[in-house]
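Here is a short briefing on charged side chains and how they pair. Please view the structure first.

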Amino acid sequence: MITLIKKPIKLIIFLSTFYSLFSTFALAEPVSSPDLINNAKQYDGKEVDYKGEVIGDVMVRGKFAWINVNDGKNAIGIWLAADLVKEISYTGSYKEKGDIVEVKGKFNRACIEHGGDLDIHAVSLQIIQKGEKVDEVISPHKIRVAIAFLIICLTLTVIYFIRLGYGNRS
């Protein structure tokens, strides 16, 4: 009778352990840039998940590449295999909203390989959301303010030259 009870208990313990390990990995939240920066010693050399918008240029350096990923608070440099960046369509700039990516890799608070900079050496990159072009819309209010400012500047310039006597040449 005791052996019949031991087998289900072992199975339950095994399944609950497996479930807790799986749920930890599946539900792991990406770490924020302020957390990485403020607790750099704690994260140094550890595997991290980091999520944000790709900004600036993709800088390919042979078999590797640099990208900057901004989580809305800070941007962190990501060093990764060049073939991983081929999926990136848009990088954040004035005219584009960059792809949202999640990278997994080793965090370095002072990377010896890259001149002591804080960075992440990524082993994987997943695109969460594609970026897009941003249409530039200038509000009519800004146009009116610019025209008013131009008129004020021109008026002040004319007054300046009149006071210098350029208007009274005889």
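Leaving out residues up to four places away in sequence, Glu53 touches Asn68, Val69, Asn70, Gly92, Glu96, Lys97, Gly98, Asp99 and Ile100 (contact: heavy atoms within 4.5 Å). This is a predicted model, where local features need pLDDT of at least 70, side-chain atom pairs count only at pLDDT 80 or more, and totals for chains, interfaces and linings use all residues. Residues are numbered from 1 along each chain as its sequence is written, and side-chain values use heavy atoms, without hydrogens and water.

**Glu53**
- Glu53 lies in strand S1 (residues 47-61) (strands: DSSP runs of E, at least two residues; helices: H or I, at least four; both numbered from the N terminus).
- Glu53 is buried but has no salt bridge (buried: under 20% relative accessible area; exposed: over 50%; partly exposed: in between; 1.4 Å probe, protein chains only).
- Lys97 is the nearest side chain of opposite charge, 4.7 Å away (Lys and Arg count as positive, Asp and Glu as negative; His and chain ends are not counted).

**Salt bridges**
- The whole structure holds four salt bridges (a side-chain nitrogen of Lys or Arg within 4 Å of a carboxyl oxygen of Asp or Glu).
- Arg109 pairs with Asp44 at 3.8 Å, N to O. The two are 65 residues apart.
- Lys104 bridges to Asp49 at 3.2 Å. This pair joins strands S5 and S1.
- Asp49, Glu102 and Lys104 form a salt-bridge network.
- Glu96 bridges to Lys133 at 3.3 Å. They sit 37 residues apart.

**Exposure of the partners**
- Asp49 is buried at 15%, whereas Lys104 is partly exposed at 34%.
- Glu96 is buried at 19%, whereas Lys133 is exposed at 57%.
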